[in-house]
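Here is a short report on one structure. It covers packing and charge pairing.

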Amino acid sequence: VLPAADMMAAISKAVGKPFKYVPVTRDAYAGFGFPGADDLANMFDFFKKSPDFTKNRDVNSPMGGKALHPGIKSVAEWAEANKEALLKIA
């Protein structure tokens, strides 16, 4: 699984503007106040604490990623394909 900082680097390269990952704690996310914020906070906390979750979701894993969806794009490919939309939020 690609670390968030590497995702931001790939997006920054594609659009030519800096994107930065800013980590949010579980409690801060839960406190955002939108419906489901607490549930999403728990989900992201689980992802962070469970090495098997991320290991089994590696794009190059024989059990996931391209094996399940041959057309899946890397973050860099996705960013290039969505460059115009990303520039609107940069």
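## Basis

This is a predicted model: local features need pLDDT of at least 70, side-chain atom pairs count only at pLDDT 80 or more, and totals for chains, interfaces and linings use all residues. Residues are numbered from 1 along each chain as its sequence is written, and side-chain values use heavy atoms, with hydrogens and water left out.

Helices here are DSSP runs (H or I, at least four residues), numbered from the N terminus.

Val-75 belongs to helix α5 (residues 75-81). Beyond four places in sequence, Val-75 contacts (heavy atoms within 4.5 Å) Leu-2, Met-7, Ala-10 and Ile-11. Its C-alpha atom is 8.5 Å from that of Leu-2, 73 residues apart along the chain. Val-75 is partly exposed because its relative accessibility is 22% (buried is under 20%, exposed over 50%, partly exposed in between; 1.4 Å probe, protein chains only).

## Salt bridges

The whole structure holds 3 salt bridges (a side-chain nitrogen of Lys or Arg within 4 Å of a carboxyl oxygen of Asp or Glu). Arg-26 pairs with Asp-38 at 2.6 Å and with Asp-27 at 3.5 Å. Shared partners join Arg-26, Asp-27 and Asp-38 into one network.

Lys-49 and Asp-45 pair at 3.1 Å, N to O. Both lie in helix α3, 4 residues apart, about one turn of the helix. Lys-49 is exposed, at 61%.

Methods. Helices (H or I, at least four residues) and strands (E, at least two) are DSSP runs, numbered from the N terminus.
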